[in-house]
Amino acid sequence: MTAVYTVGALFSKQCKDIFRNVEVLILFFVYPLVAFVMTNAIPEEMGQADFFISIFGTMHIVFTPMVAMASMISEEKEKNTLRVLVMSNVKPAVYLLSIGGFVFICTMITAIPFVFFGGFTGMDAVRFMVYMAMGCICSLFLGGLIGTAAKNMMGANAVAVPLGLVISFMPMLSFFQKSIKEFSRFVYGQQISDLLANPGEGVATAESFIVVAINMVIFLGVFLFMYRRNKLEV
């Protein structure tokens, strides 16, 4: 069985399964819908559009892929399909690419409305989507390790939901309480939120990319460890 065939088969399986898992499907539309309501409900003269776009955009790329990924993997584990995949020598990279690729595409497609809500055009729109993609990948890795570490779907959601909310709300809390940023700036959610707030050229700092990269490497490393550990314990 080739890696390409495996990725295609698992991707196709997720496309079919998502319509049977309404709770996960709805997740992809929650924050775009909330952002649409808030940006249209607040008068333009109040100047809060950018704030809502960065906050709800961050919530979308942090909470949605993290919870979706954790739910999908833990469900596979609960049904023993993950055991079959591991015993069939499906490599971690192949598994992550198939499941994560599906969640990534769904998240990024539903993230497109944020570009229009924020009125971004040209390279600003491109940079905005790149920043969204960076945050989404971090969340996929984090959701992946939660899903593989949890014993079942309920356990995965019990960790992923509150953790996703904490990371999602940190940027908003730091906006009102500056002292929180002393800690939150080391978490990728805060850096992504800052980038989304102003995707203009030359605004991004090296710190933002370094923090996101470090978070990404840590989450990926733990995910690979937990996946390989399943060879002995699932």
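## Salt bridges and a helix pair

R127 and D124 join their side chains in a salt bridge, with N to O at 2.7 Å. The term here stands for a side-chain nitrogen of Lys or Arg within 4 Å of a carboxyl oxygen of Asp or Glu. This is a predicted model, so local features need pLDDT of at least 70 and side-chain atom pairs count only at pLDDT 80 or more, while totals for chains, interfaces and linings use all residues. Residues are numbered from 1 along each chain as its sequence is written, and side-chain values use heavy atoms, with hydrogens and water left out.

By that rule you get 3 salt bridges. Here they are side by side:

| Pair | N to O distance |
|---|---|
| R127 and D124 | 2.7 Å |
| K181 and D194 | 3.3 Å |
| E207 and R185 | 3.3 Å |

Start with R127 and D124. They sit 3 residues apart in helix 6 (residues 122-149), so about one helical turn separates them. Helices are DSSP runs (H or I, at least four residues), and strands are E runs of at least two, numbered from the N terminus. R127 is buried at 18% relative accessible area, whereas D124 is partly exposed at 28%. The cut-offs are under 20% for buried, over 50% for exposed and partly exposed in between, using a 1.4 Å probe and protein chains only.

Next up, K181 forms a salt bridge with D194. This pair links distant parts of the chain, 13 residues apart: K181 is in helix 8 (residues 181-184) and D194 in helix 9 (residues 188-197). K181 is partly exposed at 31% relative accessibility, and D194 is partly exposed at 31% too.

Then there's the salt bridge of E207 with R185. That one also links distant parts of the chain, 22 residues apart, with E207 in helix 10 (residues 206-233) and R185 in the loop between helix 8 and helix 9. E207 is partly exposed at 36%, and R185 is partly exposed at 27%.

Now for the packing of helix 6 and helix 9. Their axes are 9 Å apart, at an angle of about 165 degrees. Axes are lines fitted to C-alpha atoms over the stretch in contact, and angles run from 0 to 180 degrees between N-to-C directions. The two helices are therefore roughly antiparallel, a label for angles over 145 degrees. Contact means heavy atoms within 4.5 Å. Residues making this contact include F128, Y131 and M132 of helix 6 and Y188, I192 and L195 of helix 9.

How values were computed
Angles under 35 degrees count as roughly parallel, over 145 as roughly antiparallel, 65 to 115 as roughly perpendicular and the rest as oblique.
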